[in-house]
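Welcome! Let us walk through this structure together, one part at a time.

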Amino acid sequence: WGKTGHRVVGEVAEMHLKRKARKMVRKILKGRSLASVSNYADDIKSDTLYRKYYPWHYVNYPADKTYVQEPPAEEGDIVQAIETCIAKLRDKNSPEEEQIFYLKMLVHFIGDLHQPLHAGWAENRGGNDIEIEWFGRESNLHRLWDSDLIDHFGMSYTELARDLPPLSKEGYKALKQGDVYSWVEESHRLATSIYGSVIPGERLGYRYKYIHWNTVERQLLKGGVRLAVVLNEIFD
Ligand code: ADE
Ligand code: ZN
Ligand code: ZN
């Protein structure tokens, strides 16, 4: 996601934290909110010192495969990234600086994993190589889903987070069942359908937004609730 998407995920998670986790998060982040640190991983992305974290934002694999059918990427990927962050936060011996770093990274990567094109196909780099027009401006399929769709609403992240259509009780329960392996397959399936939703070079606007906005909302909500579930578990 872009800045707003990540902040929405952080804000939704904040709304679902239990008392203990909220206290720990406040302590680690020195009073800051999850939303406020949610874009840190993108801020350091172009810094040569942090180059090794670049592949941690996504994973690509073929349409007809599952994540576990492919050999794990040596340089890491978003699934390995999330597992590393969780392990570092669970480890009571992690130094304070690492707890801060990996919590900020976790907030970002659980967000990114819910942007379907962060679990796409290598041949078009998660849609980055599929050019489209968005309301008359050049863009690409990846950017469309990262930020163009969300920014077109012109709403703040707090407004977006508050207005997301809530899930049913069963819906929330179901969100507690899965793990990072089911999340990545869910995104990958959505990515496959998103690739089929455009013709390269197509001029997109209201119609596209009307059809796909509920998927964006649902993914932002799921990302936030699942982040809260993970944090509640780590800091129980
Ligand atoms: N770079 C290469 N593949 C990517 C993807 N799926 N998402 C974001 N950036 C990428
Ligand atoms: Zn992206
Ligand atoms: Zn990212």
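Which residues are around ligand 1? They are His-57, Tyr-58, Asn-60, Leu-117, His-118, Gly-120, Arg-125, Gly-126 and Asn-128, where a residue is near a molecule or strand if its C-beta atom, placed from the backbone, lies within 6 Å of it. By class, this shell around ligand 1 holds two nonpolar, six polar and one charged residues. Here Ala, Val, Leu, Ile, Met, Phe, Trp, Tyr, Cys and Pro count as nonpolar, Asp, Glu, Lys and Arg as charged, and the others, Gly among them, as polar.

A word on what you are looking at: this is a predicted model, in which local features need pLDDT of at least 70 and side-chain atom pairs count only at pLDDT 80 or more, while totals for chains, interfaces and linings use all residues. Residues are numbered from 1 along each chain as its sequence is written, and chains are lettered from A and ligands numbered from 1 in the order in which they are written.

Now to the sheet. Helices (H or I, at least four residues) and strands (E, at least two) are DSSP runs, numbered from the N terminus. Three strands form an open sheet in the order β4-β3-β5, with mixed pairing; two strands pair if DSSP finds at least two bridges between them. At the edges are β4 and β5 (203–204), each of which pairs on one side only. Helix α7 (residues 141–151) packs on this sheet and touches β3 and β4, and its direction makes about 95° with that of β4. Axes are lines fitted to C-alpha atoms, for helices over the stretch in contact, and angles run from 0 to 180 degrees between N-to-C directions.

Look next at β3 (residues 131–134) and β4 (residues 137–140), which run antiparallel and are joined by four bridges. Ile-132, for example, has Ser-139 in β4 as its bridge partner. The two strands β3 and β4 form a hairpin with two residues between them, and Phe-135 in the turn has a positive phi of about 50°.

Let us move on to helix α11 and its partners. Helix α1 (residues 3–15) packs against helix α11 (residues 206–234) at an angle of about 50°, with their axes 7 Å apart. α1 and α11 are therefore oblique to each other; angles under 35 degrees count as roughly parallel, over 145 as roughly antiparallel, 65 to 115 as roughly perpendicular and the rest as oblique. On the α1 side, the residues that meet α11 include Val-8, Val-9 and Val-12, and those they meet in α11 include Leu-220, Leu-221 and Leu-227. Two residues are in contact if their C-beta atoms, placed from the backbone, lie within 7 Å. The residues of this contact of α1 with α11 divide into 10 nonpolar, three polar and one charged.

Helix α6 (residues 96–113) also meets α11: their axes come within 9 Å and cross at roughly 140°. That makes α6 oblique to α11. Val-107, Ile-110 and Gly-111 in α6 meet Gly-223, Arg-226, Leu-227 and Val-230 in α11.

Finally, the axes of helix α9 (residues 169–177) and α11 come within 9 Å and cross at roughly 60°. Tyr-172, Leu-175 and Lys-176 of α9 make the contact with Lys-222, Val-225, Arg-226 and Val-229 of α11. By class, this contact of α9 with α11 has four nonpolar, no polar and three charged residues.
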